[in-house]
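Here is a short briefing on one chain. Look over the fold, then read the points below.

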Amino acid sequence: MTDHIKSIEKYPSSKIVWYPFVIYVGNFYVFLVLHVLFHVFPAIAADVVLMIQRKKPTALKIASKATVQFRALYYFISTSWVIKADKLKSVLNRMDATDLEEFSFDMTLIDWNYLSVTIALNARKRPDRNASRSKEEIPKT
């Protein structure tokens with residue numbers, strides 16, 4: 001996860017307010033407190049500023065959507081998963097050298113750093129042509 005965050009720092013969007021960061025917590029209630037502190041309160045402040053400017057407040061609505069997503073993902077994030085690949089191992093053992101060369105299943109061959117950068121650059125709906133300019137404008141937290 002930290003490689004992905006580094007990729008976002010290297011190629012930021014011109015629309016982000018600050019660099020993203022990750023805090024790992026093992027307690028759900030601590031997570032909720034941090035969620036309110038880092039998502040809900042800033043959203044309320046942003047909406048107050050938008051209302052002062054006589055614009056439509058949208059930040060709290062977005063933060064509430066994130067809360068719904070957190071609830072949906074909680075089971076998958078908080079559970080330890082063991083994924084067995086016995087059938088895949090069986091298929092790999094039966095393959096000859098030619099098949100292995102053509103259908104490589106070796107996950108160690110994947111360049112995870114390159115993949116992380118590619119995800120960071122392509123996660124947006126459209127390319128951000130101002131990414132290099134925006135890097136200097138975003139305050140470090």
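From the N terminus on, the chain runs α-α-α-α-α-α-α. That comes to seven helices and zero strands. Helices (H or I, at least four residues) and strands (E, at least two) are DSSP runs, numbered from the N terminus. This is a predicted model: local features need pLDDT of at least 70, side-chain atom pairs count only at pLDDT 80 or more, and totals for chains, interfaces and linings use all residues. Residues are numbered from 1 along each chain as its sequence is written, and side-chain values use heavy atoms, with hydrogens and water left out.

**Confidence**

- The chain has a mean pLDDT of 79, where pLDDT is the predictor's confidence in each residue, from 0 to 100.
- A pLDDT of 70 or more is reached by 81% of the residues.
- Helix 2 (residues 28-52) has the highest mean pLDDT among the elements, at 92.
- The lowest mean, 53, belongs to helix 7 (residues 131-137).

**Burial and contacts**

- Of the 141 residues, 13% count as buried. Buried means under 20% relative accessible area, exposed over 50%, and partly exposed in between (1.4 Å probe, protein chains only).
- Take the contacts (heavy atoms within 4.5 Å) between residues at least 6 apart in sequence. Of these, 58% join residues at least 24 apart.

**Annotated span**

- An unreviewed UniProt entry places the feature "transmembrane region" at residues 28-50. UniProt positions are given in the numbering used here, feature names are shortened, and annotations may be inferred rather than shown by experiment.
- In the model, residues 28-50 are 100% helix and 0% strand. The end C-alpha atoms of the span lie 31 Å apart.

- His35 sits in helix 2. His35 is buried, with a relative accessible area of 5%.
- Not counting residues up to four places away in sequence, His35 touches Val40, Ala63, Thr67 and Phe70.
- Asn27 lies in the loop between helix 1 (2-10) and helix 2. Asn27 is partly exposed, at 38% relative accessible area.
- Asn27 and Ser78 are 51 residues apart in sequence, yet 9.5 Å apart in space, C-alpha to C-alpha.
- Arg54 is in the loop between helix 2 and helix 3. Arg54 is exposed, with a relative accessible area of 79%.
- Arg54 has a positive phi of about 60° although it is not a glycine. Most residues other than glycine have a negative phi.

**Cavity**

- The whole structure holds one cavity of 30 Å³ or more. On a 1 Å grid over the protein atoms alone, a cavity is a set of points where a 1.4 Å probe fits but cannot get out.
- The largest cavity holds about 40 Å³ of space. Grid points are joined across faces, edges and corners, and a volume is the space filled by probe spheres set on the points.
- Phe28, Phe31, Leu32, Thr67, Phe70 and Arg71 line the largest cavity, each with an atom within 4 Å of a point.
- Helix 2 and helix 3 (59-78) are the elements that give two or more residues to this lining.
- The lining divides into four nonpolar residues, one polar and one charged. Ala, Val, Leu, Ile, Met, Phe, Trp, Tyr, Cys and Pro count as nonpolar, Asp, Glu, Lys and Arg as charged, and the others, Gly among them, as polar.

Key
On a 1 Å grid over the protein atoms alone, a cavity is a set of points where a 1.4 Å probe fits but cannot get out, and a pocket is an open set with protein on both sides within 12 Å along at least five of seven lines; lining residues have an atom within 4 Å of a point.
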